[in-house]
Amino acid sequence: MKRTVAVIGGGITGLTAAFRLKQGGHAVTLFEASQRAGGVIRSVEKDGWLAECGPNTMLETSPAITRLVEDADLGIADRRRDASPAGGTRFILKNGKPMMLPGSPGGFLKTSLFSFKAKLALAAEPFKARWPEGAAEESLADFVRRRLGQEFLDYAINPFVAGVYAGDPENLSVKYGFPKLYALEQKYGSMIRGQILGARERRKSGRVTKDRAKQLSFDKGLQVLTDALAENLQAHFRLGKEVTSIGKTEDGRWSIQCANGVVVDFFDEVILALPAHRLATLIFFRGGAGSGAGQPLKCLEEIVYPSVSSVVLGFRRDQVEHSLDGFGTLNPEVEKVNTLGTLFTSTLFPERAPEGHVLLTTYVGGARQPDLALKEEGERVDLVLKDLRSIYGVSGEPVFQHSFLYKKAIPQYEVGYGKYLDVMKQLEVDCPGIHLAGHCRDGISLADSIVSGEKVAEKISRKA
Ligand SMILES: Cc1cc2nc3c(=O)[nH]c(=O)nc-3n(C[C@H](O)[C@H](O)[C@H](O)COP(=O)(O)OP(=O)(O)OC[C@H]3O[C@@H](n4cnc5c(N)ncnc54)[C@H](O)[C@@H]3O)c2cc1C
């Protein structure tokens with residue numbers, strides 16, 4: 001039997017779920033509070049430049065991503081653009097200058113990014129004891145200090161975490177924020193041994209390893225994907241509908257109430273694909289025994305979402321001394337600069353800047369310096385320019401600029417996050433037909449969000 005489904009939230013998670021359910025012949029309605037599809041995905045084209053405000057690339061770590069991008073109903077397969085191979089080189093800021101991150105064991109032995117002592121610590125990692133099962137939950141920083149030492153934390157993990165979570169490794173949970181890393185120690189007793197054995201197992205099973213997965217986008221940016229999904233949904237997609245409460249109807253189904261008071265009945269299933277702070281405000285009316293109104297997800301408002309601002313600047317090629325030959329640079333906190341890191345956008349996707357020009361995307365704020373993200377746009381650009389001048393030898397003024405602020409950008413899976421995951425799970429048990437998906441439950445990357453949307457759609461389809 002086909003289901004009647006309400007999807008709340010028109011970011012990539014909700015759009016993916018709604019698209020798959022519609023393809024499966026279910027009666028789906030997607031409710032989105034704002035006037036546009038895509039959530040944090042936002043691509044801006046102007047005067048021959050293409051800027052991404054939020055996410056820049058998607059890592060093709062799951063076949064679900066390939067299937068979605070190539071789906072004939074979306075018709076965007078030929079618009080896919082893989083990042084240039086030059087993006088394989090990554091830099092870490094050290095002593096104020098970008099240093100190449102070694103890509104091979106030989107390169108690691110030779111690099112001056114890490115001291116001899118740090119290299120020895122890495123070699124000793126497979127012989128370190130495993131964290132006992134049932135012992136107190138560790139932060140990522142404690143985990144790395146214990147297995148690899150402070151220098152790796154400062155010059156490898158801290159900048160990596162700034163790039164992925166805009167987060168602070170001292171607060172992030174290794175168990176919930178980096179479950180694959182945690183599992184490596186639990187399963188193999190060592191990260192290095194686990195990486196080697198795990199990669200061997202994945203190769204045998206034909207699965208894609210993260211280091212080989214492609215970074216992709218589209219000719220006009222990531223918004224091509226969310227626009228195509230929204231266009232496919234057409235009448236099933238309701239913009240400007242902020243859902244405020246969900247109620248159980250007399251026949252055991254669910255109704256949706258929007259901020260303007262409009263109530264839409266009756267849904268067999270409801271998918272919530274919202275940020276945690278928005279889930280926290282939802283009011284539930286449950287009929288029958290245990291009835292009454294409440295905010296069962298209220299504690300999710302405690303989940304930290306630091307502010308992040310993107311500053312996208314374009315220059316003539318001759319204004320930048322650095323070769324920009326790579327993916328970009330991540331900035332460790334100990335380097336005490338204003339910015340989290342810079343992507344060499346026009347190296348990854350040359351068509352995003354006019355001929356003879358380069359485009360750089362820099363992120364400001366995060367858990368490290370949230371206040372910097374909130375500064376006036378002019379001040380933010382000045383902070384970024386100051387770093388770009390000293391790090392890459394940029395001279396003169398930018399010929400293109402676009403900046404965007406996410407006041408609540410990325411949820412921090414901090415130590416103790418399991419409590420929030422339990423609350424989400426409990427709601428699904430207490431309210432059959434309600435499902436939670438998306439970045440505050442299933443992981444923060446675009447790949448995680450797509451897989452999350454697919455998974456919840458499949459779960460509902462299996463019921464039908
Ligand atoms: C600055 C930044 C850079 C990033 N860079 C990358 C990157 O390069 N690569 C990568 O893989 N990931 C990146 N991410 C992470 C990734 O983009 C997100 O995790 C993912 O897009 C989340 O999608 P979502 O659909 O779960 O949530 P969202 O995109 O947050 O969508 C939720 C939607 O719900 C709507 N909504 C909220 N409340 C209501 C309501 N009450 N009723 C109806 N609708 C409501 C919102 O308007 C929004 O459209 C980045 C994120 C940010 C913020």
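## Ligand shell

Ala, Val, Leu, Ile, Met, Phe, Trp, Tyr, Cys and Pro are counted here as nonpolar, Asp, Glu, Lys and Arg as charged, and the others, Gly among them, as polar. On that basis, the shell around the ligand consists of 19 nonpolar, 15 polar and 3 charged residues. The structure is a predicted model, in which local features need pLDDT of at least 70 and side-chain atom pairs count only at pLDDT 80 or more, while totals for chains, interfaces and linings use all residues. Residues are numbered from 1 along each chain as its sequence is written.

The ligand is surrounded by 37 residues, the closest being Gly9, Gly11, Gly39, Pro55 and Gly438; a residue is near a molecule if its C-beta atom, placed from the backbone, lies within 6 Å of it. Two or more shell residues come from each of helix H1 (12-23), strand E17 (308-316) and helix H16 (446-463). Helices (H or I, at least four residues) and strands (E, at least two) are DSSP runs, numbered from the N terminus.

## Domain arrangement

The chain is divided into domain 1 (4-40 + 224-302 + 413-463), domain 2 (114-127 + 137-205) and domain 3 (306-406), with bounds from an automatic or database domain assignment. Domain 1 and domain 3 each supply at least three residues to the shell around the ligand.

Taken over C-alpha atoms, the centres of domain 1 and domain 2 are 33 Å apart. Their contact takes 7 residues from domain 1 and 8 residues from domain 2, where contact requires C-beta atoms, placed from the backbone, within 7 Å. The side of domain 1 that touches domain 2 has 4 nonpolar, 2 polar and 1 charged residues.

## Helix H16

The expected span of a helix is 1.5 Å times one less than its number of residues. The 18 residues of H16 should therefore span 26 Å, which agrees with the 26 Å between its end C-alpha atoms.

Among the buried residues of H16 are Leu446, Ile450, Val451, Glu454 and Ile460. A residue is buried if 20 or more other C-beta atoms lie within 10 Å of its own, exposed if 12 or fewer, and partly exposed in between, with C-beta atoms placed from the backbone. The buried residues of H16 pack against elements including strand E1 (4-8), H1 and helix H2 (63-69).

## Helix H14

The buried residues of H14 are Arg380, Val381, Leu383, Val384, Asp387, Leu388, Ile391 and Tyr392. They cover an arc of only 160° around the axis, which puts them on the same side of H14; the arc is that of the directions from the helix axis to the C-beta atoms. Gly378, Glu379 and Ser390 are exposed on the other side of H14. Just after H14, Gly393 adopts a positive phi of about 65°.

Terms used:
Contact = placed C-beta atoms within 7 Å.
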